[in-house]
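Student: Could you walk me through this structure, one feature at a time? I would like to learn how each feature is read before we look at the case at hand.

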Amino acid sequence: MTSSPINSDSCTEAVQKLWDCMNPCTLCPRNCKVNRSKDQIGFCGIGDMPVISSVGPHFGEESVLVGRGGSGTIFFAGCNLGCIFCQNFDISHQRYGNQVTIDELSQAILGLQNYGCCNINFVTPTHVAPAIAAAIESACKKGLTLPTVYNTGGYDSVDTLELLNGFIDIYMPDMKYVDSDVAKELSNAPDYPQINFAAVKEMHRQVGDLKLKDGVATRGLLIRHLVLPENLAGSFEIIDFLAEEISPKTTINVMDQYRPCYKASSHPKINRRPTREEIKSARKYAIEKGLNVLS
Ligand code: SF4
């Protein structure tokens, strides 16, 4: 067991185990094995304490997450993926933000609840999962009742997700690719497809299909899939996987907002937006397969 900023007398075993996964770090599939509590930095670029770039109600998320009060987003700096088309590259790759303690993160969570948000939405959480679990635990003791949302790029290890069981109400993973060469070229993660499929299975095992109350999500799995030009994302195979191996009632947002950001404009395969026809055919296929497609 390593020394950590969490209170090991009062935290659950799962939080302590998550913390131990950072020294050496095997928290995500990169398995960098750096000692993050000793200021060693791995691929994600962040030490053992999270760096937050912004906190506040967000009205641009899926309507089932927004409700009346907005989704209470907490954006974390750093990322365990290396997407060359990242739309938040200043946060993910340049890591703009302020380092916070567990106590400050817990206060931010409660502040969003007091503000009237309808959930707590952890954006890019994978590499700071131990701090998130510790802060949720602390916030629950002080009255947190809102659902928690794990808003992830989908490159998550099953072992870490198992330790998060019970902390997270809504898993919202990306499903980015089905082809290893594409995943390597665009996100520096050749094993993304098999890691992502296994992660989505574990997420669904924990929380099931998405459930709503008065039109707002309370628990379950919500998939985000960004359509890329030339079907580079493998939209049809992802939809088949969801319908056949997860649940025919899976909720999916087939997203049309890809645009060439960051380094993508110099990449010949992804230097354009997807066409209207490319988006339409992916959505149509998901509907034909019976999935719950958000509009
Ligand atoms: S969380 Fe960061 S340091 Fe740990 S294995 Fe993943 S990328 Fe590496």
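Student: How many bridges join β5 to β6?

Tutor: Two strands count as paired if DSSP finds at least two bridges between them. Here β5 and β6 run parallel and are joined by four bridges. The names come from DSSP runs, numbered from the N terminus: helices are H or I runs of at least four residues, strands are E runs of at least two. Before we go on, note that this is a predicted model, in which local features need pLDDT of at least 70 and side-chain atom pairs count only at pLDDT 80 or more, while totals for chains, interfaces and linings use all residues. Residues are numbered from 1 along each chain as its sequence is written, and side-chain values use heavy atoms, with hydrogens and water left out.

Student: Which residue is the bridge partner of Tyr150 in β6?

Tutor: Tyr150 has Tyr171 as its bridge partner there. Strand β6 also pairs with β8: two bridges join them, and they run parallel. In that pairing, Ile170 stands opposite Gly220 of β8.

Student: What unit do β5, helix α6 and β6 make?

Tutor: The handedness rule comes first: with the strands pointing away from the viewer, a crossover is right-handed if the path from the first strand over the helix to the second runs clockwise. By that rule, β5, helix α6 (residues 158-164) and β6 form a right-handed β-α-β unit.

Student: Which way do the residues of β6 point?

Tutor: In a regular strand the side chains alternate between the two faces of the sheet. In β6 (residues 170-173), Ile170 and Met172 point one way, Tyr171 and Pro173 the other way, and all are buried. Buried means under 20% relative accessible area, exposed means over 50%, and partly exposed is in between (1.4 Å probe, protein chains only).

Student: Is Leu221 buried or exposed?

Tutor: Leu221, in strand β8, has a relative accessible area of 1%, so it is buried. Contact means heavy atoms within 4.5 Å. Leaving aside neighbours within four places in sequence, the contacts of Leu221 include Tyr171 and Pro173, along with Val200, Met203 and Val207.

Student: And what is Asn196 in contact with, leaving aside its neighbours within four places in sequence?

Tutor: Asn196 is in contact with Gly154, Asp174, Met175 and Lys176. This residue sits in helix α8 (residues 192-207), and its relative accessible area is 0%, so Asn196 is buried.

Student: Where is Ile132?

Tutor: Ile132 is in helix α5 (residues 129-141). With 1% relative accessibility, Ile132 counts as buried. Beyond neighbours within four places in sequence, Ile132 is in contact with Phe76, Leu105, Phe122 and Pro125.

Student: What is the volume of the largest pocket?

Tutor: Rolling a probe the size of a water molecule over the atoms shows where empty space is left. On a 1 Å grid over the protein atoms alone, a cavity is a set of points where a 1.4 Å probe fits but cannot get out, a pocket is an open set with protein on both sides within 12 Å along at least five of seven lines, and lining residues have an atom within 4 Å of a point. Grid points are joined across faces, edges and corners, and a volume is the space filled by probe spheres set on the points. The largest pocket has about 960 Å³. It is lined by 36 residues, and Gln87, Asn88, Asp174, Arg224 and Met255 are the closest to its centre. Strands β5 (148-152), β8 (216-226) and β9 (251-255) each supply at least two lining residues.

Student: Which residues lie nearest the centre of the largest cavity?

Tutor: They are Cys25, Cys28, Cys32, Arg36 and Cys44, among 15 lining residues. The volume of the largest cavity is about 100 Å³.

Student: What joins Asn23 and Pro24?

Tutor: Most residues other than glycine have a negative phi, and most peptide bonds are trans. Asn23 and Pro24 are joined by a cis peptide bond, with omega about -5°. Pro24 lies in the loop between α1 (13-20) and β1 (51-58). Lys33, in the loop between α1 and β1, is not a glycine but has a positive phi of about 60°.
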